[in-house]
Amino acid sequence: MGVIGAILTSPLSVVTGVIRCAQAVRDQAEHKTRPDPAVIRRRLERIAEAAAAGELSQQQKLAAQQQVFLRMRSYPL
């Protein structure tokens with residue numbers, strides 16, 4: 001059954017390869033579009049520094065932080 005099995009399953013191996021390739025492309029795309037936690041942390045730190053320096057009011061600080069969190073929520077985990 002080895003030779004016959006190989007002949008019968010070879011078309012399926014092409015489909016399996018295409019599926020694996022598509023999954024790899026999808027994983028790479030998700031990885032590249034997902035925000036980096038370090039970037040998010042830096043944005044929040046800059047907002048906090050600007051508020052501490054008096055460049056932002058409390059309301060502006062909260063609005064800026066909310067923008068960062070809303071962007072984070074738009075990406076799937």
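Let's start at Asp 36, which has 43% relative accessibility and so counts as partly exposed (that is, between the buried class, under 20% relative accessible area, and the exposed class, over 50%, using a 1.4 Å probe and protein chains only). Asp 36 sits in the loop that links helix 1 (2-33) to helix 2. Go back 31 residues along the chain and you reach Gly 5, whose C-alpha is 46 Å from that of Asp 36.

A word on the source: this is a predicted model, where local features need pLDDT of at least 70 and side-chain atom pairs count only at pLDDT 80 or more, while totals for chains, interfaces and linings use all residues. Residues are numbered from 1 along each chain as its sequence is written, and side-chain values use heavy atoms, with hydrogens and water left out.

## Overall shape

The chain has 3 helices and 0 strands, in the order α-α-α from the N terminus. Helices here are DSSP runs of H or I with at least four residues, strands are E runs of at least two, and both are numbered from the N terminus.

With a radius of gyration of 24 Å, the chain is well over the 11 Å that the globule rule gives for 77 residues, so it is more spread out than a compact globule. (The radius is taken over C-alpha atoms, and the rule is 2.2 Å times the number of residues to the power 0.38.) Along the principal axes, the C-alpha trace spans about 80 × 15 × 15 Å. Of the 77 residues, 8% count as buried.

## Helix 2 against helix 3

Helix 2 (residues 37-52) packs on helix 3 (residues 58-73) at about 175 degrees, with the axes 10 Å apart. That makes the two helices roughly antiparallel, a label for angles over 145 degrees; the axes are lines fitted to C-alpha atoms over the stretch in contact, and angles run from 0 to 180 degrees between N-to-C directions. Helix 2 brings Ile 40, Arg 43, Leu 44, Ile 47 and Ala 51 to the contact, and helix 3 answers with Lys 61, Ala 64, Gln 65, Val 68, Phe 69, Arg 71 and Met 72 (contact means heavy atoms within 4.5 Å). By class, that comes to 8 nonpolar, 1 polar and 3 charged residues, where Ala, Val, Leu, Ile, Met, Phe, Trp, Tyr, Cys and Pro are nonpolar, Asp, Glu, Lys and Arg charged, and the others, Gly among them, polar.

Phe 69, in helix 3, is partly exposed at 40% relative accessibility. Phe 69 and Ser 10 lie 59 residues apart in sequence and 48 Å apart in space, C-alpha to C-alpha.

## One salt bridge

The whole structure holds 1 salt bridge, meaning a side-chain nitrogen of Lys or Arg within 4 Å of a carboxyl oxygen of Asp or Glu. Arg 26 pairs with Asp 27 in a salt bridge at 3.3 Å, N to O. Arg 26 is partly exposed at 45% relative accessible area, and Asp 27 is partly exposed at 41%.

Note on methods. Angles under 35 degrees count as roughly parallel, over 145 as roughly antiparallel, 65 to 115 as roughly perpendicular and the rest as oblique.
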